[in-house]
Protein chains: 2
Amino acid sequence: MTEFTSEIRETVLRSATKEVVIARNRPFCIIGERINPTGRRIFQEQLRAGDLSAIDRDVAAQVAGGANVLDINMGVPLTDEADLLVRAIQRVQDLTDLPVCIDSSVLEALEAGLRVYQGRALVNSVTAEDERLAAVLPLVKKYDAAVIALPNDEEEIPMGADRRIELVAKIVEVATTEYGIPIEDIVIDPLAMPIGADTGVVVTTMETARRIRDTWGLNLTCGASNVSFGMPARHVLNATYLPMAMAHGMTSAIMDARTPAVVESVRAADLLLGNDEWGGSWIASHRAKQAAAAAVP
Amino acid sequence: MTEFTSEIRETVLRSATKEVVIARNRPFCIIGERINPTGRRIFQEQLRAGDLSAIDRDVAAQVAGGANVLDINMGVPLTDEADLLVRAIQRVQDLTDLPVCIDSSVLEALEAGLRVYQGRALVNSVTAEDERLAAVLPLVKKYDAAVIALPNDEEEIPMGADRRIELVAKIVEVATTEYGIPIEDIVIDPLAMPIGADTGVVVTTMETARRIRDTWGLNLTCGASNVSFGMPARHVLNATYLPMAMAHGMTSAIMDARTPAVVESVRAADLLLGNDEWGGSWIASHRAKQAAAAAVP
């Protein structure tokens, strides 16, 4: 088995006016993750009071940092998540033309979000659990979305690559044959766990990613900062992890685009993987930085 | 074919008092590359005048930056390279207990260096050319050294992985059967070319590296900064390239240890590849940095 032999799959996402394609021969897709109240007490209180204005700053920062898609999560305890998510999606679509990744574990919220979203969304996420597949995939099909799928089932998050591959096979089979979802609209998260818990997890994730790429050609995503959880110098670890994962088939990540070192490492890896023709983007971005530095009085 | 299936090979290098082992399950081996007059006019003039004192500063900087082995090259036009190399090796061995990589294309210099070197050196380098193999390998055997081998022949530097693999097979066959050199003492440089010349070169190098790892389990090395030649922001490209290469079997690199961003990415990749047990080195290094920062008045 040699590298890059399987078919290239294009996952097409859209806003009302802009199209973003996730594929192995394209620049990496940065899914900006900051529009999310998890762990942000003040933002949670604002959302509970119906004040969504803090979103504007987050959108601006993710766009400025180079996000290609925006993840929107409105999971605030004791609120009407569907209502909040609908308002957040509409607000974001007023602010930017980037496509959106609708992030909720609440089915009603997911459907309400998909209903108002203008374009072709990415749904975050479904697992290999029968109940979740049966609940989420009909929505993905009905609203012509793409979907992030995690290869864990009712029992466990499998630690070995073999079991994860079995669960990916199950997801692909169910999604394509039972629900008629095109295979290129399935984006797999191969489940990168914190390196601090077990120093073998990244090797397992890379092997899983490569096998998924070589078997189905599927696009892959991950939470970019999971692996560094609990460790010092997390930005360095994230900036190191992503290029390694990209070299094994990772084509997108849910990440905070406000961290220049991590975004820069992703763009460097685009160039090194042959997805930045003639180095055009790399050179232009460096010139822009030089010009900005020279403009400082 | 799954990852990490082939045998782990240990390339053992030694100074008079210290042993360094290059292997896939060990931290990456940084071969400090600065003790080299190439492109350094003042250093060249000093060496021509018999003044080797500038070496002391270079050794100190490479050691401080975290080098595990030191590359010594004394290729100054119109000098007695053998004499210079002997004096440089002796001077370096007085200054540090790190093992040495003896870097010369001049056979007489190589042999003179090997003769005075105290320990087990790494020879840089041999190619797959018949004449070079016949000239260099007897010295490697006679002085019980390890050797860096490049899979190019008289004709060309092959651009494809298949031809490079053929040439590695030839090198392994000749070195082990004709000269009795143990296979673990052969370290392959899979020939990473500048990304600016052809954006496919890194993918080819990674594929070549992985196939060498999976076929023979050989240790691998590279010139870490070759890929970024001619590009802006070279440190970022080098810091991105090495972890990608490490994930495909690269176990050492000839690099300038004075660049903290590149050294840090290598140590992050050690952790992510499971070669820094419990993250002990990563955490200790971060604490040392914090302590140093706190100590600034």
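1. Strand β3 of chain B, residues 29–35, sits mostly inside this predicted model. Of its 7 residues, 5 are buried, so the strand is largely enclosed by the rest of the structure. Buried here means under 20% relative accessible area.

2. What does β3(B) pair with? One partner is strand β10 of chain B, residues 252–255, joined to β3(B) by 4 bridges. These two strands run parallel. C29(B) has S252(B) of β10(B) as its bridge partner. Another partner is strand β4 of chain B, residues 69–73. There, 3 bridges make the link, and the pairing is again parallel. G32(B) stands opposite L70(B) of β4(B).

3. Turn to chain A. Strand β3(A), residues 29–35, is joined to β10(A) by 4 bridges. The two run parallel. C29(A) is bridged to S252(A) in β10(A).

4. Strand β6 of chain A, residues 122–127, contains S125(A). Is S125(A) buried or exposed? Its relative accessible area is 18%, so S125(A) counts as buried. The cut-off for buried is under 20%. Beyond residues up to four places away in sequence, S125(A) touches S104(A), R132(A), V136(A), I148(A) and L150(A).

5. Helix α4 of chain A spans residues 107–116. Which of its residues are buried? They are A109(A), L110(A), E111(A), A112(A), G113(A) and L114(A). The list includes a glutamate, E111(A). Cover for these buried residues comes from several elements of chain A, including α3 (81–95), β5 (100–103), β6 and α5 (130–142).

6. In chain B, helix α4 covers residues 107–116, and L107(B) lies in it. L107(B) is partly exposed, because its relative accessible area is 26%. Partly exposed runs between the under 20% of buried and the over 50% of exposed. Leaving aside neighbours within four places in sequence, the contacts of L107(B) are R132(B), A135(B), V136(B) and L139(B). Take L139(B), 32 residues from L107(B) along the chain. The C-alpha atoms of L107(B) and L139(B) are separated by 8.8 Å.

7. Now chain A as a whole. Its secondary structure comes to 10 helices and 10 strands. Why does chain A fit the picture of a compact globule? A compact globule of 297 residues would have a radius of gyration near 19 Å, and chain A has 19 Å, so the two agree. Along the principal axes, its C-alpha atoms fill a box of roughly 60 × 50 × 40 Å.

8. Burial and contacts can be read together for chain A. Buried residues make up 57% of its 297 residues. Consider contacts in chain A with a separation of 6 or more: 69% of them come from residues 24 or more positions apart.

9. Last, the surface and charges of chain A. The accessible surface is about 11700 Å². Carbon and sulfur atoms account for 51% of that surface. Chain A has 28 positive and 41 negative charges.

Conventions
Residues are numbered from 1 along each chain as its sequence is written. Chains are lettered from A and ligands numbered from 1 in the order in which they are written. This is a predicted model: local features need pLDDT of at least 70, side-chain atom pairs count only at pLDDT 80 or more; totals for chains, interfaces and linings use all residues. Side-chain values use heavy atoms; hydrogens and water are left out. The radius of gyration is taken over C-alpha atoms; the globule rule is 2.2 Å times the number of residues to the power 0.38. Buried means under 20% relative accessible area, exposed over 50%, partly exposed in between (1.4 Å probe, protein chains only). Contact means heavy atoms within 4.5 Å. Accessible areas come from the Shrake-Rupley method with a 1.4 Å probe; for residues, only the protein chains shown count as cover. Lys and Arg count as positive and Asp and Glu as negative; His and the chain ends are not counted. The place of a charge is taken as NZ of Lys, CZ of Arg, CG of Asp or CD of Glu. Two strands pair if DSSP finds at least two bridges between them.
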